[in-house]
Amino acid sequence: LKRLRRMEGQVRGVQQMVEDDRYCLDIVQQISALSAAAREVSLIVLEDHMRGCVQRAIQEDQGDAAIKELVTVLGKALRQ
């Protein structure tokens, strides 16, 4: 949540930069930093999912479905 709040602040900062008609490349640089922060949050959520939901599904003999779902989501994420 702390990281998401920080990202929220970054988004507001980018909005302000656009409103202030700041230098375009400075805005792009901030958007790039925001994208990197989003990827980091995604990795944290993914790790939590694997350690919780996927691990539990494997223990309950439903691992194949959980892994298939995970691979589908990762495939979509990698295409971006």
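**Notes on the model**

1. Of the 80 residues in the chain, 14% count as buried, where buried means under 20% relative accessible area, exposed over 50%, and partly exposed in between, with a 1.4 Å probe and protein chains only. This is a predicted model, in which local features need pLDDT of at least 70, side-chain atom pairs count only at pLDDT 80 or more, and totals for chains, interfaces and linings use all residues. Residues are numbered from 1 along each chain as its sequence is written, and side-chain values use heavy atoms, with hydrogens and water left out.

2. The chain has three helices and zero strands, in the order α-α-α along the sequence; helices (H or I, at least four residues) and strands (E, at least two) are DSSP runs, numbered from the N terminus.

3. The radius of gyration, taken over C-alpha atoms, is 17 Å, whereas a compact globule of 80 residues would have a value near 12 Å, by the rule of 2.2 Å times the number of residues to the power 0.38. Along the principal axes, the C-alpha atoms fill a box of roughly 55 × 25 × 15 Å.

4. D21, in the loop between α1 (2–19) and α2 (24–59), has a positive phi of about 55 degrees although it is not a glycine, and D21 counts as exposed at 69% relative accessibility. D61, in the loop between α2 and α3 (63–79), has a positive phi near 60 degrees and is exposed, with a relative accessible area of 72%.
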